[in-house]
Amino acid sequence: MKLNISGAKFSAIVKISEDLREQSRISGKEFLYLNRGINQVKNIDLSEIIPLIDFNSDAVQYYAHSKGMLPLRKAINNEFFKNKTSDENIYITAGGMHALSLVFQTLAVQKIYSASFYWGAYTNALKIAGKEQCFYNKFEDIINNPDTYQNSAVIICDPNNPTGEKAEETLLIETLNILHQKNITVIWDGPYRRLFYDHSDELYQKLLNHDNVIITESFSKSVGLSGQRVGFMHSINQAFNDEFAIRLLYSGNGINAFGQILVEKLLTSPEGIKATTAFKNKTVEDIKANIKLLKDKNLLPKEFYGNTVPIGIFVIVNKSFDELKAMNIGSVPLSYFTKRTDINPEKYSRICVSVPQEKFKAFFK
Ligand SMILES: Cc1ncc(COP(=O)(O)O)c(C=O)c1O
């Protein structure tokens with residue numbers, strides 16, 4: 001059998017999780033799994049939403065439209081764009097990863113730039129799409145030398161995974177405006193943003209006159225439903241959308257109907273809005289408290305953050321994977337998220353700070 005070997009690898013973070021669980025089993029000690037990339041403060045309470053869904057309906061049981069169910073696309077238009085875009089510009093995907101890999105495949109560029117601290121899955125999805133991954137260190141690099149990025153695409157992930165840093169909105173807008181003026185394609189991949197913002201956030205509306213911007217979004221983080229695999233892609237470039245729609249159809253024949261209806265109810269029903277608000281408020285409250293504790297204990301490296309404070313849901317700490325493991329805390333070495341050589345990534349780790357504050361405090365005591 002002849003194969004197209006991509007060279008992409010399975011997520012090494014999964015292996016770390018398995019090893020830590022085994023370690024916990026052998027030692028009989030409880031571990032705090034901060035290696036995970038999910039909000040673990042609390043689960044969203046769906047008990048008032050489930051009765052709103054008719055499982056015997058055609059909508060749940062039959063194929064959904066391959067672009068996604070119209071009520072969900074309308075709900076997304078309202079929630080993210082204040083109804084200022086067309087429902088036709090929104091495509092439901094099986095989470096952000098699915099959207100990103102279809103975007104990477106569809107764009108005819110050789111190089112795709114990400115921040116030099118980046119989500120490791122970009123590397124693998126780009127490999128499968130046959131693209132070269134390149135890096136920028138900070139948004140000022142783009143502002144000062146935009147022509148470097150000509151004929152390429154630029155991924156912006158803010159708040160960032162793995163650093164948890166949130167750029168000033170004015171800096172983001174300036175970066176986006178310059179890339180727009182230069183007609184350089186932007187992939188706006190910010191699945192953590194809407195955990196910290198509600199529908200009054202205007203950024204997505206501001207992007208609506210930027211025909212160079214492709215948004216990939218996800219409900220994995222902002223409402224904690226990573227298991228449902230629901231996200232979306234938005235673009236106003238018709239030619240891009242036409243090709244994306246074809247690839248979306250033939251990559252999965254539509255997205256799970258139940259997950260789509262669930263997210264739609266979360267975005268539109270009073271019960272859904274109540275559950276979402278409670279989930280976000282409690283999650284953000286505990287994230288803030290956990291980051292404050294790390295700052296008070298001088299665990300946030302100054303060489304990364306200076307005097308600024310990250311917002312999460314991840315942060316970099318100045319302890320190695322092994323040092324944290326010795327305290328029964330799971331983390332991921334920073335080397336999984338960067339190829340930079342001007343720092344020693346083995347000295348640092350990425351931890352998820354979206355866990356209950358009492359538990360976090362107990363382990364960091
Ligand atoms: C930066 C970034 N983008 C996109 C995603 C995609 O998440 P999902 O495929 O669960 O929607 C993740 C998940 O960890 C992420 O960290």
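Visitor: In which helix does Ser 24 lie?
Guide: Residues are numbered from 1 along each chain as its sequence is written. The model is a predicted one, in which local features need pLDDT of at least 70 and side-chain atom pairs count only at pLDDT 80 or more, while totals for chains, interfaces and linings use all residues. Helices (H or I, at least four residues) and strands (E, at least two) are DSSP runs, numbered from the N terminus. On that basis the helix of Ser 24, covering residues 12–27, is H1.

Visitor: Is Ser 24 buried, exposed or partly exposed?
Guide: A residue is buried if 20 or more other C-beta atoms, placed from the backbone, lie within 10 Å of its own, exposed if 12 or fewer, and partly exposed in between. Because Ser 24 has 16 C-beta neighbours inside 10 Å, it counts as partly exposed.

Visitor: Which residues does Ser 24 touch, not counting residues up to four places away in sequence?
Guide: Two residues are in contact if their C-beta atoms, placed from the backbone, lie within 7 Å. With residues up to four places away left out, the ones that Ser 24 touches are Lys 29, Glu 30 and Phe 31.

Visitor: Which element gives the largest share of the side of domain 1 that touches domain 2?
Guide: By an automatic or database domain assignment, the protein chain is divided into domain 1 (12–44 + 272–364) and domain 2 (57–270). In this pairing, 26 residues of domain 1 are in contact with 25 residues of domain 2. The elements that give two or more residues to the domain 1 side are helix H13 (270–296) and strand E9 (314–317). The largest share, nine residues, comes from H13.

Visitor: Which strands are the edge strands of the open sheet of seven strands?
Guide: Two strands pair if DSSP finds at least two bridges between them, and with mixed pairing the order of this sheet is E2-E8-E7-E6-E5-E3-E4. An edge strand pairs on one side only, and those that do so here are strand E2 (90–93) and strand E4 (132–136).

Visitor: What is the bridge partner of Ser 218 in E8?
Guide: Strand E7 (residues 213–218) and strand E8 (residues 231–234) run antiparallel and are joined by four bridges. Within this pairing, the partner of Ser 218 is Gly 231.

Visitor: Which helix gives the largest share of the shell around the ligand?
Guide: A residue is near a molecule if its C-beta atom, placed from the backbone, lies within 6 Å of it, and of the 13 residues around the ligand, Gly 95, Gly 96, Met 97, Ser 218 and Ser 220 come nearest. The helix with the largest share gives three residues and spans residues 95–106, and its name is H4.

Visitor: Why does Asn 183 count as exposed?
Guide: Asn 183 sits in the loop between H7 and strand E6 (185–189), and it has a positive phi of about 55° although it is not a glycine. Asn 183 is exposed because the number of other C-beta atoms within 10 Å is 9.
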